[in-house]
Amino acid sequence: MLIRKNVVVPAILMTFLLGLAYTGSLTTGVQTVFTASLVAAGELFSIFLIIAVMSALLQGLESIGANKQMIQPIGKVMVNGPISYLIIALVTYMISLFFWPTPAVPLVGALLLPVAIRAGLPPLAGAAAIVLAGQGMALSSDYMIQIAPMLSATAAGVDVQAVADQALILSLITGITALLLAYLFFRRQIKPKDDHHLEKWMKGRQQEAKEVITTWKSKLFAILVPLCFFAVVSYMLYTAFFTDLALEGGAGAALVGGLALLLLLLTSFVYQPKNVFDSVSDHLVDGFLFAFRAMGPVIPIAGFFFLGSSDFSSAILQTDTSPAFLFELVTAGQHFIPESGGWTAFGILLIGMVTGLDGSGFSGLPLTGALAGALGPVSGIDPVTLAAIGQMGAIWVGGGTLIAWSSLVAVAGVSKVPAQEIVRVCFIPVMIGLLLSTLFALWFF
């Protein structure tokens with residue numbers, strides 16, 4: 001990935017060799033190539049589905065010209081590329097902080113990204129803003145839901161709130177640094193505001209929309225769709241603060257996806273009642289085609305790294321045992337970390353990053369937390385700080401900023417940008433951000 005090469009072929013070959021080496025069976029090694037992709041597809045299908053549904057809804061809105069009508073009011077605020085970049089990052093961060101990035105991506109992608117592109121922001125820059133603010137800055141602290149701090153703190157034997165507080169500060173340092181550096185990379189690519197940017201991004205499907213853009217149907221849905229999504233966000237906020245039924249992650253994405261399907265039905269029925277059965281089916285087919293086109297190369301790559309996790313390895317290898325190759329690799333090398341503060345902090349950060357390679361981000365937190373509790377006393381660093389540093393490494397990588405087989409593919413889908421391109425753009429800003437936040441932790445905590 002660092003030399004800008006596609007990693008599908010190496011992933012497939014190494015999946016075969018790993019299956020062959022572990023089982024000693026040529027037949028099982030060949031089967032492992034298929035089962036790894038099958039398991040990965042099952043785990044990632046929810047992302048496929050949300051991409052397909054939101055793409056289908058956007059096509060439905062475009063068919064009646066509601067897409068341009070919908071973005072006109074927001075366009076009054078997002079007047080240029082820099083402001084659009086800032087607004088996308090802030091909105092993504094706030095939604096992701098309360099509900100995790102999964103439901104935030106389709107909302108921001110459907111409502112704000114087209115406006116930002118028309119304002120002159122490159123699609124890749126918009127995708128980077130969503131990834132860095134959501135999958136990175138918001139998820140790495142997980143300050144509101146606090147599942148990540150709980151996993152880290154429990155394994156380290158320290159207070160959950162203490163880990164959450166330090167993780168919030170480190171996530172902001174990393175995130176703000178990465179967002180600023182990414183913006184500096186894109187600043188010369190930002191163009192003046194022009195409708196042609198949006199038309200090019202939508203691949204020239206605007207002619208039909210222009211013919212009906214002033215009808216009452218387009219105006220109706222330009223108001224109805226944002227209101228519906230605003231109602232969903234309001235309901236999720238209500239459940240988060242006033243009930244025990246907080247909707248995050250998969251539940252929030254299911255609510256957004258279900259609403260999108262119902263809106264697609266309503267849009268098609270209002271536009272052409274006699275053709276509603278065919279038009280809805282056509283939009284969904286096109287949505288799934290786009291989702292699989294965007295996600296297809298990710299499947300074998302994800303399968304290879306899922307093979308390194310004990311949660312999936314037994315299903316892939318078709319064995320009764322569940323080897324944890326990634327964790328075993330870290331455990332085998334942890335004794336090489338010198339018992340000094342700086343080396344220990346960066347060692348925990350590196351271990352967290354390695355465990356994040358399985359595309360989860362959360363699966364490695366018990367390991368980094370346990371190491372933080374064990375290495376803290378001998379290194380002279382507070383285990384709370386080490387646990388927060390390990391959490392940064394695991395989630396910034398596995399949560400979806402530095403690998404293309406995580407939830408980052410959802411951002412790639414809605415922004416119509418290759419996932420590996422987003423990874424390449426985010427790599428240096430994120431690494432510098434993690435370096436600065438770790439140094440900050442050593443000096444001030």
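Close-up 1. Arginine 424 is partly exposed, at 21% relative accessibility (between the limits of buried, under 20% relative accessible area, and exposed, over 50%, with a 1.4 Å probe and protein chains only). Because they are three residues apart in helix 22 (residues 419–444), about one helical turn separates them. Helices here are DSSP runs of H or I with at least four residues, numbered from the N terminus.

A note on the model: this is a predicted structure, where local features need pLDDT of at least 70 and side-chain atom pairs count only at pLDDT 80 or more, while totals for chains, interfaces and linings use all residues. Residues are numbered from 1 along each chain as its sequence is written, and side-chain values use heavy atoms, leaving out hydrogens and water.

Close-up 2. The structure holds two salt bridges, and here arginine 118 pairs with aspartate 195, with 3.7 Å between the closest N and O atoms. Arginine 118 sits in helix 6 (residues 113–118) and aspartate 195 in helix 10 (residues 195–201), so the pair ties together parts 77 residues apart in sequence. Arginine 118 is buried at 10% relative accessibility, whereas aspartate 195 is partly exposed at 36%.

**Close-up 3. Helix 18 beside helix 19.** The axes of helix 18 (residues 341–355) and helix 19 (residues 365–379) come within 11 Å and cross at roughly 175°; axes are lines fitted to C-alpha atoms over the stretch in contact, with angles from 0 to 180 degrees between N-to-C directions. Helix 18 is therefore roughly antiparallel to helix 19, a label for angles over 145 degrees. Among the residues that meet are Ile348 and Ile351 in helix 18, and Leu371 and Leu375 in helix 19.

**Close-up 4. Alanine 153 in helix 8.** Alanine 153 lies in helix 8 (residues 147–156) and is buried, at 1% relative accessibility. Leaving aside neighbours within four places in sequence, alanine 153 is in contact with Val158, Asp159, Val160 and Val163, contact being heavy atoms within 4.5 Å.

**Close-up 5. Phenylalanine 277 in helix 14.** Phenylalanine 277 belongs to helix 14 (residues 276–295) and is exposed, with a relative accessible area of 73%. Leucine 265 is twelve residues away in sequence, and the two C-alpha atoms are 8.9 Å apart.

Conventions:
Helix = DSSP H or I, 4+ residues; strand = E, 2+ residues; numbered from the N terminus. Parallel < 35°, antiparallel > 145°, perpendicular 65-115°, else oblique. Salt bridge = Lys/Arg side-chain N within 4 Å of Asp/Glu carboxyl O.
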